[in-house]
Amino acid sequence: MIPPIADRFVAGESPATALEHVRQLNDNDVKAIVNLLGEHYEDRDAVAADAAEYRQLVDDIAGSRLAACLSVKPSQLGLDLGEDVFRSELAGIVDAAAERDVFVWLDMEDHTTTDATLDAFETVAREHGGGVGVCVQANLRRTRADVRRLADVPGKVRLVKGAYDPPADVAYTDSARVDQEYRTLLEDAFERYDGGIAVGSHDPAMLEHAMALHDRYGTDFEIQMLMGVREDAQYDLTDEYEVWQYVPYGDRWLSYFYRRVAERKANLRFALRAVLSG
Ligand code: FAD
C-alpha cells in the first residue's frame, strides 16, 4: 500500500486505482497523463514487464474512452541496458498506442540521457508523424538549441524547469536563472512552433507568461501539472485552457516521492512531521 505520506502524489499501486483517479479527473474536465512508476532497471525482465503493462494501459484507456495518455521513462524501458533495448521497447509501446490513438510522452531524466532520449523521440515521431511528445528541461544549457531542433519534428514538447540536479558545467543552478531561461524557451517555442507546446509548471509566473504569449502568437498550448500539486488551480484553469494532470501509480514510488519532497521546503516539513509522529 502507498503510505499516507506519499498518496497525495501517487494514485495507488494498481492500474485500476490509477484509472479510477483518471475517471474522477475527467469528470472535472482535467485530462490525465498516466505514468507507471519505475526507473533505472538493470533487469531485462523488469523492462519487459513494464512495457507490457503500458501496452495493456493503452487498451484500457482506449477501451474505456478516457481522456488520458501515457508518459514513460527511458531508463524504465531499458536505457541503462542499452539504447537498442530502449528504442525497441519504446517502438512497441508507440506502435500499440498509435493503433488505438493514445498519445505517448517521453519523460526526461538526468542530463546524461538527453541525447539518447531526444534521438529516440525524433525517430518515433517522424515514423508516426506525431502522436508522441518529449520533455525538455530549462535548467540545461543545451535546451535552447534542443527547442529549436524540435521545431521541425512532429509531435509535442513539454517544457519543465528540471527535477534533477545537473552539474554547473551543463546546467544553470540558480533558480532565478532557470526561471529566466524558462521564459526565454517559452518565447522561442510560441514564436516557432505550430502548436504542441505543453507548459509543465505550477509556477503562476510561468503560466501567465505562456498565456500572454498565446495571446500574442495564437500558438496552441496545454498546461500540465502533477497530481497533488496546486490541484485547485488545475480545476480552475479548465475554464479557459486544456489541463492535463500527471498521474503516477505503482509500488516503486520512493524516488518519485523524494523528488517531489526535495522540490519544496513545505513538503520536507510535512514529510518530517509525518515520520516523527509515527
Ligand atoms: P517551482 O518554482 O518549483 O514551483 C512553483 C510553485 O509550484 C511553488 O511555489 C509551489 O507553490 C508549487 N510547487 C511546485 N512543486 C511543488 C511540489 N513538489 N509540492 C508542492 N508544491 C509545489 N522534470 C523532469 O526533470 N523531467 C520530466 O520528465 C518532468 N516531467 C514533468 C511533468 C509534469 C506534468 C510536471 C508538472 C513536471 C514535470 N517535471 C519533470 C518536474 C519539473 O521539472 C519541476 O521539478 C516541477 O514541476 C517543479 O517546478 P515548477 O515549474 O512547478 O516551479
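This is a predicted model: local features need pLDDT of at least 70, side-chain atom pairs count only at pLDDT 80 or more; totals for chains, interfaces and linings use all residues.
**Around alanine 97**

- Alanine 97 sits in helix α3.
- Leaving aside residues up to four places away in sequence, alanine 97 touches Val58, Leu70, Val102, Val104 and Gly131.
- Isoleucine 61 is 36 residues away from alanine 97 along the chain, yet their C-alpha atoms are 9.8 Å apart.
- Both Val58 and Ile61 are among the buried residues of helix α2.

**Helix α2**

- Helix α2 covers residues 44–63, which is 20 residues.
- From first C-alpha to last, α2 reaches 29 Å, close to the 28 Å expected at 1.5 Å a residue.
- Its buried residues are Val47, Asp50, Ala51, Tyr54, Leu57, Val58, Asp60 and Ile61.
- What do these buried residues of α2 pack against? Their partners are α1 (15–27), β1 (31–36), β2 (68–72) and α3 (83–99).

**Helices α3 and α4**

- Packed helices are described by the angle between their axes and the distance between those axes.
- For α3 and α4 (residues 114–128), the angle is about 35 degrees and the axes are 10 Å apart.
- The crossing of these two helices is right-handed.
- On the α3 side, the contact uses Glu83, Phe86, Arg87, Leu90, Ala91, Val94 and Ala98, which meet Ala116, Ala120, Val124 and His128 of α4.
- Sorted by class, that contact has eight nonpolar, one polar and two charged residues.

**Helices α5 and α6**

- The axes of α5 (residues 143–150) and α6 (residues 175–192) come within 10 Å and cross at roughly 15 degrees.
- That angle is under 35 degrees, so α5 counts as roughly parallel to α6.
- This crossing, too, is right-handed.
- Helix α5 contributes Thr143, Arg144, Val147 and Arg148 to the contact, while α6 brings Leu185, Asp188 and Ala189.
- The residues of this contact divide into three nonpolar, one polar and three charged.

**Helices α6 and α7**

- Helix α6 also meets α7 (residues 204–217), with axes that come within 10 Å and cross at roughly 25 degrees.
- The two are therefore roughly parallel to each other.
- Their crossing is right-handed.
- Here α6 uses Tyr182, Arg183, Leu186, Glu187, Phe190 and Glu191, and α7 answers with Met206, His209, Ala210, Leu213, His214 and Tyr217.
- By class, seven of the contact residues are nonpolar, two are polar and three are charged.

**Two arginines with positive phi**

- Arginine 65 follows α2 and lies in the loop between α2 and β2.
- Its phi is positive, about 55 degrees, although arginine 65 is not a glycine.
- Arginine 65 is exposed, because 8 other C-beta atoms lie within 10 Å and 12 or fewer count as exposed.
- Where is arginine 230 placed? Arginine 230 is in the loop between β7 (221–226) and α8 (231–237).
- Phi of arginine 230 is near 45 degrees, again a positive value in a residue other than glycine.
- Arginine 230 is partly exposed, with 16 other C-beta atoms within 10 Å.

Definitions and conventions. Residues are numbered from 1 along each chain as its sequence is written. Axes are lines fitted to C-alpha atoms, for helices over the stretch in contact, and angles run from 0 to 180 degrees between N-to-C directions. Helices (H or I, at least four residues) and strands (E, at least two) are DSSP runs, numbered from the N terminus. Angles under 35 degrees count as roughly parallel, over 145 as roughly antiparallel, 65 to 115 as roughly perpendicular and the rest as oblique. A crossing is left-handed if the near helix is turned anticlockwise from the far one by less than a right angle, and right-handed if clockwise. Two residues are in contact if their C-beta atoms, placed from the backbone, lie within 7 Å. Ala, Val, Leu, Ile, Met, Phe, Trp, Tyr, Cys and Pro count as nonpolar, Asp, Glu, Lys and Arg as charged, and the others, Gly among them, as polar. The expected span of a helix is 1.5 Å times one less than its number of residues. A residue is buried if 20 or more other C-beta atoms lie within 10 Å of its own, exposed if 12 or fewer, and partly exposed in between; C-beta atoms are placed from the backbone.
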